[in-house]
Structure formats: C-alpha cells, structure tokens
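Thank you all for coming.

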Amino acid sequence: MAAGGVAVGPELCQLARRVASGANLADWQQQPIELVGVVRGLPDASEFGWRLTLQVERVLTAGVTVPSRVQLTDYRGGNWLKGGSRWQLTVRLKQRHASANPYGFDAEQWMWSEGLLASGAIGKNPQRLADADDARAYIDRLRAAVVARIEQALGPGREAALIAALTVGDQQGIDRADWALFARTGLTHLVSISGLHITMVAGLAGLLARALLRRWPTRRVPPRVVVAYVTLAVATFYAVLAGLSVPTQRTLFMLAVVVLMLLWRRASSPFQIWWLALTLVLLLDPFAVLAPGLWLSFGLVAALMASTLGRRRPPGKWRAALAGQWAVLVMSLVPLLVFFGNVPLLSPLANALAIPLVSGLLTPLSLLAVALPWDGGLQLAAAVVRLFYLGVDWLAQWPPWSLPGQPWPLLALALGGTCWLIAPRGVPGRALGACLLLPLLVFRPTLPAPGSCA
C-alpha cells in the first residue's frame with residue numbers, strides 16, 4: 001500500500017482480478033458481512049452520515065472475499081471512527097455503479113481511481129479493537145490532531161476549513177457553496193494541496209537552509225547536497241501529511257529526480273524528469289489514469305515546459321509569467337470541458353492574484369502556525385483567509401464559459417489546436433491552431449422533439 005492510502009499497482013490489479021472473476025461479492029451484496037479493518041485517512045462528513053475508508057485486514061464471514069479497501073458510511077452520525085483505529089464491524093457491501101449519463105459525475109470511475117472497489121454501510125454493534133500502530137496510522141492521528149487544534153483555535157467556519165485543507169489536505173469542512181466559487185474562478189487547485197504548494201514550501205525550506213549554511217558552513221558535506229536533502233525531506237513530509245494525492249506524488253517524484261541528478265552530477269531535460277515522474281506514478285497506481293487530477297497536473301506542467309522551448313535565452317520574469325499563464329489557459333480548455341463542462345474565463349486573473357497569496361504566503365504561514373505551540377499564528381492565517389475570500393467572492397460574480405457535451409472527434413481536434421497554439425517558436429502558423437477550436441463553439445447537440453421524454 002502507498003503511504004497515502006492508495007493501493008500500489010500490483011496489489012490493486014490483483015484486487016481488480018479478484019473482484020471481476022474469482023470474488024463472490026456480487027452474491028453477498030446487501031448481506032451482513034463480519035470483518036476486521038483499520039480506518040485510514042480522515043472520515044468525511046456527508047449529507048447523511050460519515051464516510052470513511054476501511055482497510056480490511058480479515059473477513060470473519062466464511063466463504064466471502066472482499067477488496068482490501070472499501071468505502072463505508074456510518075448513518076448514525078458522530079465522528080467516532082477515527083483514523084488509525086481498528087474495528088470489528090458488520091457491514092453490507094455493494095459493487096459501485098455509475099449513472100448512465102456520460103456527461104455527469106462517474107462515481108464508479110472515481111472509486112476505481114481511488115482504489116475503492118466496493119462501498120457499503122456499517123451495521124449495529126461495532127467493536128473497537130487495539131488501534132493500529134504502523135506509520136500510516138500515526139500520520140492519520142497526527143492529521144486529525146492538527147484539524148482538531150485548528151477548529152479549537154478558530155471555531156467552525158471558512159477560515160478553519162481552508163487552513164485545514166492547506167495543511168493536512170482535509171477538505172471536508174469546505175462548504176459546497178465555496179467549492180462552487182472556486183470552480184467559477186478556476187482556483188480549485190489552490191484549495192487542494194497541489195504541486196505548487198509543495199514546491200513553494202520546499203523552496204522556502206531550501207532558501208532557509210542555504211542562508212543558515214552561509215552563516216554556519218559544513219566541512220564534510222557540500223552545501224548544495226545539504227540544501228538538496230533539506231528540500232526533498234520537507235517536500236516528502238508535506239506530501240505524506242497531505243495524503244499523497246496524484247499532484248503531490250508528481251511533484252515529489254520530480255523533485256526527487258532533480259535531487260538525484262544534482263547529487264550524481266548528471267544533466268536531465270525537464271521532459272525527461274516529467275516522463276520519469278509519470279512512470280513512477282503509474283507504476284505505483286495504474287488506475288490513477290482514471291483520475292482527472294493526473295491529466296490536469298501532468299498536462300499543465302507539460303504545457304508550461306513546452307511554452308519555454310525554442311528559446312536561446314530565458315525570457316524576463318514578467319514575460320515568462322504571462323507566457324505560462326497563457327499556456328495553462330489554452331491547454332486547460334479541453335480538459336476542463338471534458339471533466340467539468342465549463343471554463344472559468346477569469347482564471348488567469350484569479351490565479352495571478354491568488355497564487356502569491358495562497359501558495360507564497362498563506363500555506364507557509366499555516367504550516368508554521370500549526371507547528372508553533374500558540375494560536376497567534378492561526379489567527380494571523382485566518383486574517384489572510386478572509387482577505388482571500390474577499391477576492392474570490394468578487395471574482396465569482398462573473399459566470400464561467402459553459403458549453404454542451406461535445407463528441408470526441410471535436411474534442412480531439414480542439415486538443416490538437418491547443419497544442420499548436422502553444423507550440424515552440426519556429427513552428428509555422430501557430431495562430432491557425434485557433435481555427436481548430438471553432439467547431440466547439442458552433443456545435444449544437446440534437447434536441448429532443450417537443451413533448452418527448454428522450
């Protein structure tokens with residue numbers, strides 16, 4: 001199993017084969033099953049109860065085979081199933097199925113991408129056993145303690161929810177209305193602990209280590225090696241604390257490759273590092289290809305790197321920032337339409353204002369605040385959160401650009417056009433790539449006849 005609770009590739013493939021062929025879970029759907037398992041991650045408050053991920057250690061009901069990780073819901077309320085706790089439970093499981101709407105949320109695909117091959121409900125008389133004492137259980141208890149301290153210092157509300165999301169990846173406290181605001185402004189990636197946050201925090205740690213080494217230099221170990229190890233260690237700790245999502249894995253693996261190349265004194269191109277990180281992610285979790293986060297994170301990083309190709313010398317800071325925003329905006333058009341059905345047109349402006357505030361100030365301040373023993377830092381971080389929401393509320397007044405569901409040939413054509421638009425210098429007719437986007441604008445789906453049901 002991976003540190004963040006996602007099954008590694010060989011185990012997940014084995015579970016898929018067991019469920020698809022040899023397992024008999026379909027014969028036991030909605031029937032009581034006795035099992036023993038450990039709660040992983042942080043339970044999530046849903047509309048009807050608490051959702052959690054259970055790692056099944058053994059099945060007590062004879063003749064039943066279930067996946068090693070299942071999603072359970074406790075409809076009685078009360079967050080008493082803590083991360084890292086071990087329980088003997090009676091559950092009723094079912095194989096997850098998605099709706100027939102091809103343009104709606106695919107719950108089955110999402111569960112497969114998370115390594116959850118079944119879901120169900122917790123029955124009566126749960127029995128608590130000895131808590132798990134492995135590293136993942138310790139991390140889950142640490143994350144829960146951080147969330148509890150934030151809520152105790154700030155109380156329930158926007159401020160505590162966002163700080164908890166940025167420090168330990170706990171997004172359950174963020175309201176649906178706020179998620180809608182982030183989607184309308186293109187800031188959803190800032191609320192999740194993304195590669196940008198990890199890079200900023202690790203970079204700040206590296207700068208601090210370099211400043212300390214200038215004052216107290218080492219004799220045996222070169223300063224660049226110390227800075228590299230400190231940067232990688234901070235990035236690893238933050239990624240594990242956040243749950244090791246796909247964007248955090250991508251950033252962590254890319255940083256690890258950069259550090260190894262630095263230590264081995266070998267030069268590697270950005271795309272070589274990108275391919276190696278993608279390979280590692282897919283080896284550890286093959287079903288990550290089903291998650292939109294993988295395509296968005298790796299795709300947009302590739303777009304940023306592609307926008308800098310063909311240059312004899314690097315551009316200025318402002319020009320590089322504008323070129324990066326343009327590349328991200330263009331390359332995100334098709335993925336956002338495919339996964340979410342709309343594109344926030346104010347995303348470049350919103351990100352230009354929010355990235356320095358959230359990634360450069362709020363995230364390091366929040367991490368420092370939860371590490372200190374007093375609550376003054378949390379109060380200061382809450383003030384920054386209120387400033388952030390003032391801007392989000394104002395920018396969300398403008399609606400996003402929405403389009404109907406598109407057939408895949410038009411999407412493939414538009415994707416080729418976006419790649420053409422951000423092609424390196426020297427590629428002829430780059431502006432003509434915009435013509436390949438026109439079919440998306442003029443396409444209109446066939447409407448049902450008046451009075452019909454389909």
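This is a predicted model: local features need pLDDT of at least 70, side-chain atom pairs count only at pLDDT 80 or more; totals for chains, interfaces and linings use all residues.

Residues are numbered from 1 along each chain as its sequence is written, and side-chain values use heavy atoms, with hydrogens and water left out.

When I speak of helices (H or I, at least four residues) and strands (E, at least two), I mean DSSP runs, numbered from the N terminus. Two strands pair if DSSP finds at least two bridges between them. With that in mind, β1 and β2 run antiparallel and are joined by eight bridges, and a hairpin of four residues leads from β1 to β2.

Strand β1, residues 32-45, also pairs with β4 in the antiparallel sense, over seven bridges, and here Pro 32 is opposite Arg 92. Strand β4, residues 86-94, is in turn joined to β5 by four bridges, again running antiparallel, with Val 91 having Ile 122 as its bridge partner in β5.

In which sense do β3 and β5 pair? They pair in the parallel sense, over three bridges, β5 being residues 119-122, and the bridge partner of Leu 72 in β5 is Gly 120.

Now let us turn to the loop between β2 (50-59) and β3 (69-74), which is where Thr 61 lies. Is Thr 61 buried or exposed? Thr 61 counts as buried because its relative accessibility is 17%, where buried means under 20% relative accessible area, exposed over 50%, and partly exposed in between, with a 1.4 Å probe and protein chains only. Leaving aside residues up to four places away in sequence, Thr 61 touches Trp 28, Pro 32, Ile 33 and Glu 34, contact meaning heavy atoms within 4.5 Å. Its side chain also reaches the backbone nitrogen of Glu 34 at 2.8 Å.

Finally, please look at Phe 339, which is placed in helix α12, residues 317-339. Phe 339 is partly exposed, with a relative accessible area of 31%.

That is the end of my tour, and I am happy to take questions.

Definitions and conventions
A polar contact is a pair of N or O atoms within 3.5 Å; within protein, one must be able to donate a hydrogen and the other to accept it, and residues adjacent in sequence count only if both atoms are side-chain atoms.
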